[in-house]
Number of protein chains: 2
Amino acid sequence: MPIFLNTRDEDFEDRFASLLTMKREDSPDVDEAVAAIIADVRRRGDKAVIELTSKYDRLDLTPETLAYSQDEVDAAIATVPEAEAEALELAAERIRDYHARQLPEDESWTDDAGATLGWRWGPVSAAGLYVPGGLASYPSSVLMNAIPAKVAGVERLVMTAPSPGGVTNPLVLLAARISGIDTVYRLGGAQAIAALAYGTETIAPVDKITGPGNAWVAAAKRRVFGKVGIDMIAGPSEILVIADGDNDPDWIAVDLLSQAEHDESAQSILITTDAQMAKEVARAVELRLETLERREIAGASWRDYGAIITVQDLGEAAALADDIAPEHLELCVDDPEALADNIAHAGAMFLGKWTPEAIGDYIGGPNHVLPTARSARFSSGLNVLDFMKRTTMARMTPEALKAIGPAAEVLAKSESLEAHGLSVRARLDRLND
Amino acid sequence: MPIFLNTRDEDFEDRFASLLTMKREDSPDVDEAVAAIIADVRRRGDKAVIELTSKYDRLDLTPETLAYSQDEVDAAIATVPEAEAEALELAAERIRDYHARQLPEDESWTDDAGATLGWRWGPVSAAGLYVPGGLASYPSSVLMNAIPAKVAGVERLVMTAPSPGGVTNPLVLLAARISGIDTVYRLGGAQAIAALAYGTETIAPVDKITGPGNAWVAAAKRRVFGKVGIDMIAGPSEILVIADGDNDPDWIAVDLLSQAEHDESAQSILITTDAQMAKEVARAVELRLETLERREIAGASWRDYGAIITVQDLGEAAALADDIAPEHLELCVDDPEALADNIAHAGAMFLGKWTPEAIGDYIGGPNHVLPTARSARFSSGLNVLDFMKRTTMARMTPEALKAIGPAAEVLAKSESLEAHGLSVRARLDRLND
């Protein structure tokens, strides 16, 4: 049974607070083991990576087979059914179009003092994308991580994915090729992250690492942060659906289940203004769960973390949504734009009844790598800027330095940084000669 | 003696590589102690914070005196000399003008399929700024952290600064007031970061924490990352000056020393096309070091980590600059814009001989919180976007769903995510009824 709440209930505040702080993930503490793996890869390079892959993935590699050869990629791709290849191409095209609009502009202007100021954006030179193996090895995630990097202008883009026992997902390799990835390594875990961050004899280091992973990968990313850039550490997926009384309960039910089926730790929440809808959706979920392929996972997620909250009006719904700051937010109401205007914190919004969240997972265009665990309060989904950086620019004329330099000198002195002041003073003195 | 290199030397590659990987900072391993402090603050709130402040800062606080009162701030500010107040006001105005141009735009468009796509930017609701105590308690850093947050639209902006023994820097409080900070706490160290991230009875939690700090602060920021957003973990400061033969060696010398005086771990590097200039700058540095107030610090930095590299031409200089990816880059050459075009990686560029880096520290307008330790390869200086996040938006019409939904269904099936496909199929079936 999911949690049923009603803002009219006396204990609502407490129960809603418990929902917000519910711990859904019990990450094993692998930090020490990860530190040892990173140190080993830094020290022994390829040798360490090969040994660790043999140990954890039961796969014996050589420096020559760390990466897939072009022939191997070709052969795998040839097995992909045409319908899937076409769907992947369409998705790639739409994701590319969306992200191309995120390219930022350089600026330069001269102010009243005569100072020319501005900034310049540029891509990171090399990026590495981690793709999990097994159940969570999604071709769509390859597109979502790689395409923003290519749009940003990243020159060298590599990918690494564990291949336990040598098993490969051809769709993942096709997605890699479609999105312009240069090299795909058969590595997983902390050793893959270490190799990307520090390099080995065979693997050149990158500047930025993105992509989801298990506790080992997350701990490794946290550790190499600073040496390279990383994206957010992703938690289990979440959806919040806000629905009025004018909805098909079955549509809402499958939308909720489309998150629940990801992971037993996923969380699906419905907020509705209609007490009857609350009941009907709950029933529709149970009905769908009877036949759903992943009913064990989806059922566990819904039972343990699912919630249905009945509210008085959409104003209450918006306030709760901001507290939840959901990764995905579906607005199944008549005027979704008006409701969206009242909600500040969400990773991605899906507006109106004809926009199931799954559209955003694959084909809509926006990125599906989104902030989880309330981090939409302070972070954005993956985007082109994650693969770019801004260099600020300033140029003084003698006149500009005369106008604003003395203030810099005063502040330098107040901070007891004499040389800072002298570097201005030496130039100002020349002007007064 | 700084390191002297010449690209003509046989061992140049090796010696330059050593320069790049030189370890300048020996951070004590305080991770476990920091974890204990954070756990303590989470458990005991104000009590823990007050005890830790008594222990580490020899300052006895109560919940009522955790923050400065407005009267205390007023009294402190009244002691600031007028010239300093005016300089701070001018700096704030210029920093505000520069960062106001960084405000991003929302976008919305309808594509050929009939899908309406776009994104919306919004500020984080609450941010906290850490300001170190003692030597590194810089009013300019208050402006540089707080003003981008205010420009972004952050509603609640607080600051925390240790006040060992109760000592307060009036200029820091004035900078806080000028930049619109709501509350200033007398807290430092890991306990201040924990209080900002998790809140106590008296201190409301924030969503984003920025600002420099010692090893304890850095370790705490790393640990709370994910619960809140953080900025980069800053390392010791660096400058790279590229100079041709047509420069005053003394100007270059004071520019190099303006970084060296920050910290014994700071690094100042000169690259010059003129072997004579290399010698003259080295001499000018020694001369300035004789009288510089902070000669002990600046001398140690210059002796241990300073370097002068003679190159054949500006092309070589640009390539080396990209390898160094300096925090600050001064281009003291005739056509600095042309040289800048050839350099991809730098936190901030200062163009031409009339633009000493110190202008950027105080008054230029661009931010002085910049990526160190080669992280300019993948990250930017602090800016307005650090206090904002982007929510992506998508709205399908029935026609748009008909056009692109089937591809989503195919991909969902290929990833064995049945409910994802069903959420699209349920709607498509209605259209075919």
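Student: How many salt bridges does the rule find across the interface of chain A and chain B?
Tutor: The rule finds 10 across that interface. Keep in mind that this is a predicted model.

Student: And how many over all chains?
Tutor: Searching the whole structure gives 38 salt bridges.

Student: Give me one to click on. What does R94(A) bridge to?
Tutor: R94(A) forms a salt bridge with D111(B). Their closest N and O atoms are 2.8 Å apart. R94(A) sits in helix α5 of chain A, residues 82-100, and D111(B) sits in the loop between β2 and β3 of chain B, so the pair joins two chains.

Student: What's going on with those two strands, parallel or antiparallel?
Tutor: β2(B) and β3(B) pair in the antiparallel sense, over 4 bridges. One pair to look at is S108(B), whose bridge partner in β3(B) is G118(B).

Student: How many residue pairs are in polar contact between the chains?
Tutor: The count is 67 between chain A and chain B, with both residues at pLDDT 80 or more. On the side of chain A that touches chain B, there are 64 nonpolar, 26 polar and 29 charged residues.

Student: What about area? How much is buried between chain A and chain B?
Tutor: About 10,400 Å². Carbon and sulfur atoms give 59% of that. W354(A), Y362(A) and R427(A) supply 8% of the area chain A buries against chain B, more than any other three residues.

Student: How many residues are in contact?
Tutor: 119 residues of chain A touch 119 residues of chain B. Of the interface residues of chain A, 100% are also interface residues in chain B, so the copies meet through the same surface.

Student: What rotation superposes chain A on chain B?
Tutor: A rotation of 180°, with 0.0 Å of shift along its axis and an RMSD of 0.0 Å. The two copies are therefore related as by a two-fold rotation axis.

Student: Which residue of chain A comes closest to the axis?
Tutor: R222(A), at 4.0 Å by its C-alpha.

Student: Last one. Which strand of chain B does β14 of chain A join?
Tutor: Strand β13 of chain B, residues 348-351. β14 covers residues 388-395 of chain A. The two strands run parallel, with 4 bridges joining them. In that pairing T392(A) stands opposite A348(B).

Note on methods. Residues are numbered from 1 along each chain as its sequence is written. Chains are lettered from A and ligands numbered from 1 in the order in which they are written. This is a predicted model: local features need pLDDT of at least 70, side-chain atom pairs count only at pLDDT 80 or more; totals for chains, interfaces and linings use all residues. Side-chain values use heavy atoms; hydrogens and water are left out. Copies are superposed by least squares on the C-alpha atoms of residues with pLDDT of at least 70 in both. Contact means heavy atoms within 4.5 Å. Buried area is the accessible area (1.4 Å probe) that two parts lose on being put together, summed over both. A salt bridge is a side-chain nitrogen of Lys or Arg within 4 Å of a carboxyl oxygen of Asp or Glu. A polar contact is a pair of N or O atoms within 3.5 Å; within protein, one must be able to donate a hydrogen and the other to accept it, and residues adjacent in sequence count only if both atoms are side-chain atoms. Ala, Val, Leu, Ile, Met, Phe, Trp, Tyr, Cys and Pro count as nonpolar, Asp, Glu, Lys and Arg as charged, and the others, Gly among them, as polar. Two strands pair if DSSP finds at least two bridges between them.
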